[in-house]
Amino acid sequence: MFSPPNREIMIPELLLCMSFGCTAALKPSCLSAQFRRPGDYIIGGLFPFGMDTINLTARSEPTLIVCERLFVEGLIWALGMKFAIDEINNSTSLLPGVELGYDIYDTCFEPLAALQPSLLFVTQNGTTDIGIACNYTDYQPRVTAVIGPHKSDLCLLTAKLFSFFLIPQVSYGASSEKLSNKELYPSFYRTVPSDKNLVEAVILLLNEFGWNWIATIGSDDEYGRGAQELFLSTIGNGSICIAYEGLIPSDLTDPKAEKQLEETIQNINKTNVNIIILFAFQQPAQALLEQSIKMGLSKKVWIGTEAWLLSDIAASIPNIQSIGTVLGFIMKASSVPGFQKYVAKLLSSVQQDEFCQKSRESYRHVSSDMLGTQCKQCDHISLQDISSTLSHSQVQPVYIAVYSVAYALHRALGCTHQRCPKASIRSWQEPTSECFRECEPGQIRQNKGFHFCCYDCTDCPENTFCSSKDCSTCTPCMEHQWSPARSTQCYNRSERFLRWDEPLTVGLLISMSIIASLTCLTAVLFVKNLNTPLVQASGGSLNLFALFALVLMCLSSCLFIGKPSNNLCVMQQILYALCLNACFSTFLTKSLEIALLTEFPRCACAALRWVTPSRAWLLVALCLLTECLFCFCSLHLGPDYVLPDYSSLPTEVLLTCSTASWLAFALMHGYNGCLAFVCFLCTFMVQTSGKKYNMARGITFAILIYFIIWIFFVAIFATLKTVLRPVIQIGAILMVSLGIVGTYYIPKCYILLLKPDLNREDYFQYSTKEEPEGDPQ
């Protein structure tokens with residue numbers, strides 16, 4: 001149980017708080033005096049405290065430019081710079097013994113307003129004059145570095161001025177890709193991603209959802225135009241089509257602004273797009289969204305950027321949900337520890353007379369004609385006024401920008417963790433800070449640590465590339481391309497296949513010629529002795545048919561050389577299968593004859609007529625017809641085709657013949673394997689007397705060599721995926737041809753040439769009553 005609070009005690013406290021709040025609201029603070037501080041090294045700051053400049057179009061004299069309204073987020077960014085410098089000054093290790101000062105000025109989001117303090121920053125230190133000299137090496141400007149400004153169009157103006165003096169300028173919001181040009185802006189840096197990163201992210205989002213019919217709208221300023229142009233140039237002639245591209249006015253006070261907004265909405269309606277990409281700042285984006293609601297634009301998918309997505313103004317538009325779905329990209333950033341407490345304490349302190357008196361004393365050291373901060377509205381701000389913006393404002397880019405300057409100054413002065421020498425230093429002397437060093441072409445930034453701007457440069461691996469110096473990811477090459485490590489572009493792969501002029505090919509062709517010639521000489525010898533008992537017992541004219549098939553099979557190995565095509569891939573397997581079948585079918589007739597005579601002598605007389613030379617041709621034709629049928633089936637099931645292999649070789653595309661149907665492959669070559677197996681079964685157990693020639697042995701060894709070669713071929717071919725694949729195929733064909741010629745025909749050639757006395761009928765003729773081996777008679 002809790003006891004109720006004492007109302008008599010609560011009421012006076014409540015009245016006291018209310019009276020203090022009213023007093024604080026009525027009494028101006030001295031917050032505007034907190035944006036200047038003396039120090040050993042001065043850092044300039046350019047922040048948008050205000051917006052909506054007064055009578056800028058009617059300005060006829062170069063008077064001071066004043067803003068009409070306070071921009072709370074810009075004020076918070078400026079306080080972020082003040083917080084970072086106060087934190088550095090209280091550090092005992094970063095710049096020990098050195099006091100950093102600052103001069104922070106308002107830009108009003110207006111280039112003319114930003115130019116005046118920029119001129120002050122480049123004045124000679126201790127004066128308000130800009131010295132004119134031929135050589136500015138020894139020139140000492142008022143500031144050591146500049147933080148800001150926020151917008152790209154302001155940075156494009158100020159960066160040229162600061163780059164002339166090589167004064168380091170670190171922006172916390174400018175994202176224009178033009179500022180990445182180090183030839184034009186050598187001293188410009190930033191702590192936010194460039195528009196290029198944003199555009200790449202948008203394109204990835206579009207590709208992810210398959211959105212290719214879109215509209216792009218940009219505000220008519222440097223940010224909107226630059227981001228839109230970069231987006232259009234990046235997509236090029238790809239798969240994304242731009243239905244409409246337009247610009248909306250950034251100056252909403254222009255009388256033509258509303259009409260331009262209406263025309264933009266009408267053009268969007270005409271294109272029937274559902275995806276709108278909006279590159280704009282807060283005010284132009286708000287105006288377009290309000291006009292879309294007013295004109296009843298149907299629901300769309302809006303893709304935005306943090307330039308307007310994080311704005312409370314855009315989110316508070318009445319009936320905002322009617323415009324559809326909003327997707328967007330915001331920068332990855334973390335909160336700055338202790339910043340909100342710092343702001344709360346500061347806003348409390350500026351209400352106190354003692355604190356304000358000390359602030360006024362610091363101004364006595366400043367020249368009376370020095371430019372003021374021009375933030376009178378800041379003196380009427382309370383914590384309650386900025387609490388909602390303070391809770392989500394991204395101060396980290398400003399915080400990191402200040403620390404990057406401090407770390408560079410630490411290195412330039414040669415500081416240790418105990419002390420820093422207060423040496424005179426020129427702005428052009430910001431050794432390169434590791435957080436901001438540029439990666440070389442072909443390298444990407446790999447973020448490290450707490451601060452997202454700190455990174456290591458990592459080489460892009462093989463088959464990826466990075467074309468600029470600030471890539472965040474390596475872009476993969478297309479399938480038909482390759483690249484070495486740390487490459488800036490991809491190269492087209494060259495085609496790789498077994499060429500005619502390669503030394504290995506020449507060796508294979510020589511081997512093929514030798515084997516084919518040997519086979520042809522064997523055929524010539526058999527023709528000359530066609531009617532002799534040896535040739536007739538071996539099959540007669542069937543031998544010539546088999547030898548012709550072997551020569552053709554040797555020559556078919558040429559189909560594996562040169563650039564493959566779909567037709568060549570089909571011919572390779574079919575021609576090899578048919579030639580081998582022609583040879584094995586002649587062996588089948590002889591094997592069946594030998595098996596009948598030796599193993600089944602009783603039924604041999606009745607069955608031998610089916611394998612005699614006159615009818616053996618019928619059996620050979622039947623075998624070839626069956627093989628032709630299997631070849632036709634293979635064409636129907638799926639013929640072999642050329643397959644580009646992009647993975648086996650690093651820089652080339654390997655052109656290989658791929659098997660479309662393994663069933664078709666098994667039918668073609670499996671049938672020949674069955675014929676060979678039948679021949680082997682019919683001959684491997686046959687025994688003859690020592691007085692007669694064992695015709696079965698030649699067939700047995702020929703079939704054995706065929707099986708052995710195929711076992712090794714399948715094992716090697718399945719694991720080998722390089723240009724050597726056709727070499728293995730050619731080698732297998734030539735080895736089978738040589739094996740058959742060497743085991744079956746060469747022994748017979750030996751008898752014909754060197755042992756003609758054995759070429760008689762009783763030495764080769766089988767009979768149904770074979771004499772047992774070892775018969776003394």
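A residue is called buried here under 20% relative accessible area, exposed over 50% and partly exposed in between (1.4 Å probe, protein chains only). The model is a predicted one, so local features need pLDDT of at least 70 and side-chain atom pairs count only at pLDDT 80 or more, while totals for chains, interfaces and linings use all residues. Residues are numbered from 1 along each chain as its sequence is written, and side-chain values use heavy atoms, with hydrogens and water left out.

Gly 210 sits in the loop between α5 (195–209) and β9 (213–219); helices (H or I, at least four residues) and strands (E, at least two) are DSSP runs, numbered from the N terminus. Its C-alpha atom is 9.3 Å from that of Ser 239, a residue 29 positions away along the chain.

Strand β9 belongs to an open sheet of 5 strands, ordered β10-β9-β11-β12-β13 with parallel pairing; two strands pair if DSSP finds at least two bridges between them. At the edges are β10 (241–248) and β13 (324–329), each pairing on one side only. Neighbouring strands are turned against each other by 20° on average, direction ignored. Helix α6 (residues 222–235) packs on this sheet, touching β9, β10, β11 (275–279) and β12, and its direction makes about 150° with that of β9. Contact means heavy atoms within 4.5 Å, and angles run from 0 to 180 degrees between N-to-C directions, with axes fitted to C-alpha atoms (for helices, over the stretch in contact). Helix α8 (residues 282–294) lies across β9, β10, β11 and β12, at about 170° to β12. As for β12 (residues 300–305), 6 bridges join it to β13 in parallel, with Trp 302 opposite Val 326.

Elsewhere, strand β5 (residues 100–106) is well tucked away: 7 of its 7 residues are buried. One side carries Leu 100, Tyr 102, Ile 104 and Asp 106, the other Gly 101, Asp 103 and Tyr 105. Strand β1 (residues 36–37) runs antiparallel to β5 with 2 bridges, and Arg 36 stands opposite Asp 103. Strand β2 (residues 41–47) runs parallel to β5 with 7 bridges, placing Ile 43 opposite Tyr 102.

Finally, helices α15 (residues 503–528) and α23 (residues 724–754) pack at about 25°, their axes 9 Å apart. That makes the two roughly parallel, a label for angles under 35 degrees.

Note on methods:
Parallel < 35°, antiparallel > 145°, perpendicular 65-115°, else oblique.
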